[in-house]
Amino acid sequence: MPPTLKSAVTYSSKELPEASQLIKLFHQAPWAKSRSFDDAKDMLRHTDLTLCAWDGNQLIGFGRVLTDFIYRATIWDVIVDKAYQGQGVGTEIVQRILNHPRLKRVELFWLCTRRPGFYEKLGFSSKEQTGMVWSRGKNRRLG
Ligand SMILES: CC(C)(COP(=O)(O)OP(=O)(O)OC[C@H]1O[C@@H](n2cnc3c(N)ncnc32)[C@H](O)[C@@H]1OP(=O)(O)O)[C@@H](O)C(=O)NCCC(=O)NCCS
């Protein structure tokens with residue numbers, strides 16, 4: 001059962017989540033539906049920082065960071081379990097990333113999203129820079 005109180009949710013960046021729990025979250029999002037257990041496990045090994053939201057031992061929210069810890073950090077895969085959305089969990093994940101002690105020297109955080117509304121409320125702006133994406137899938141025929 002989802003909580004009715006936000007206080008039931010705890011946050012941690014100390015331990016990596018199990019790939020099996022993460023895959024359950026990924027499979028709720030159209031952009032991550034086809035991700036596999038093995039790839040998620042490898043991805044976690046190579047990620048600089050993860051931020052997890054837990055209800056007991058159930059992973060109910062996630063976000064991750066790739067960074068040099070000085071100049072740049074990119075935020076990826078922010079996702080909240082459908083049953084827990086709209087209760088401030090996503091906001092808390094992003095704010096805890098932006099204020100994380102290991103990231104306090106980072107000059108600029110960057111992310112890629114199809115849902116700018118959520119991030120604009122958190123202070124992100126799309127006016128500063130233009131993001132561009134090179135997709136292996138879409139460029140395969142050019143190779
Ligand atoms: C987007 C997502 C991470 C937000 O998490 P959440 O816990 O539901 O968000 P919050 O409860 O913290 O909402 C914060 C605010 O953003 C708004 N918001 C939430 N999702 C939004 C969206 N997709 N578009 C625009 N605004 C959104 C909320 O209405 C809320 O506004 P309010 O403070 O004025 O009420 C979550 O809905 C999700 O996992 N969606 C599916 C995966 C996804 O699309 N992720 C996008 C990452 S690129």
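Biologist: Which helices and strands each supply at least two residues of the shell around the ligand?
Modeller: Those are β4 (72-80), α3 (89-98) and α4 (116-120). Helices (H or I, at least four residues) and strands (E, at least two) are DSSP runs, numbered from the N terminus. Keep in mind that this is a predicted model: local features need pLDDT of at least 70, side-chain atom pairs count only at pLDDT 80 or more, and totals for chains, interfaces and linings use all residues. Residues are numbered from 1 along each chain as its sequence is written.

Biologist: How many residues surround the ligand, and which are the closest?
Modeller: The ligand has 16 residues around it, and Gln85, Gly90, Thr91, Thr113 and Gly117 are the closest. A residue is near a molecule or strand here if its C-beta atom, placed from the backbone, lies within 6 Å of it.

Biologist: How many of the shell residues are nonpolar, polar or charged?
Modeller: Six are nonpolar, eight polar and two charged. Ala, Val, Leu, Ile, Met, Phe, Trp, Tyr, Cys and Pro count as nonpolar, Asp, Glu, Lys and Arg as charged, and the others, Gly among them, as polar.

Biologist: Let's zoom out. What does the chain look like in secondary structure?
Modeller: The chain has five helices and five strands. Along the sequence they follow the pattern β-α-α-β-β-β-α-β-α-α. The radius of gyration is 16 Å, close to the 15 Å that the globule rule gives for 143 residues, so the chain is as compact as a globular protein of that length. That radius is taken over C-alpha atoms, and the globule rule is 2.2 Å times the number of residues to the power 0.38.

Biologist: What does the C-alpha trace span along its principal axes?
Modeller: About 50 × 35 × 25 Å.

Biologist: And how much of the chain is buried?
Modeller: Buried residues make up 20% of the 143 residues. A residue is buried if 20 or more other C-beta atoms lie within 10 Å of its own, exposed if 12 or fewer, and partly exposed in between, with C-beta atoms placed from the backbone.

Biologist: Which residues touch the most other members in the largest nonpolar core?
Modeller: In that core of 23 residues, they are Leu22, Ala53, Ile60, Val89, Ile93 and Ile97. At least two core residues come from each of α1 (19-26), β2 (49-55), β3 (58-67), β4 and α3. With five residues, β4 gives the most. A nonpolar core is a set of buried Ala, Val, Leu, Ile, Met, Phe, Trp, Tyr and Cys residues joined through C-beta atoms within 7 Å.

Biologist: What is Ile60 in contact with?
Modeller: Leaving aside neighbours within four places in sequence, Ile60 is in contact with Val9, Ala53, Trp54, Asp55, Val80, Asp81, Tyr84 and Val89. Two residues are in contact if their C-beta atoms, placed from the backbone, lie within 7 Å. Val9 is buried, with 20 other C-beta atoms within 10 Å.

Biologist: Now helix α3. Which of its residues are buried?
Modeller: Val89, Gly90, Ile93, Val94 and Ile97 are the buried ones in α3. Seen down the helix axis, they fall within an arc of 135°, so they line one face of α3. The arc is that of the directions from the helix axis to the C-beta atoms. What covers these residues includes β1, β2, β3, β4 and α4.

Biologist: And which residues of α1 are buried?
Modeller: In α1, Ala19, Leu22, Leu25 and Phe26 are buried. Their arc around the axis is only 115°, which puts them on the same side of α1. They pack against α2 (37-45), β3 and β4.

Biologist: Changing topic: what is phi for Phe69 and for Asp77?
Modeller: Phe69 has a positive phi of about 65° although it is not a glycine. Phi of Asp77 is near 55°, also positive in a residue other than glycine. Most residues other than glycine have a negative phi.
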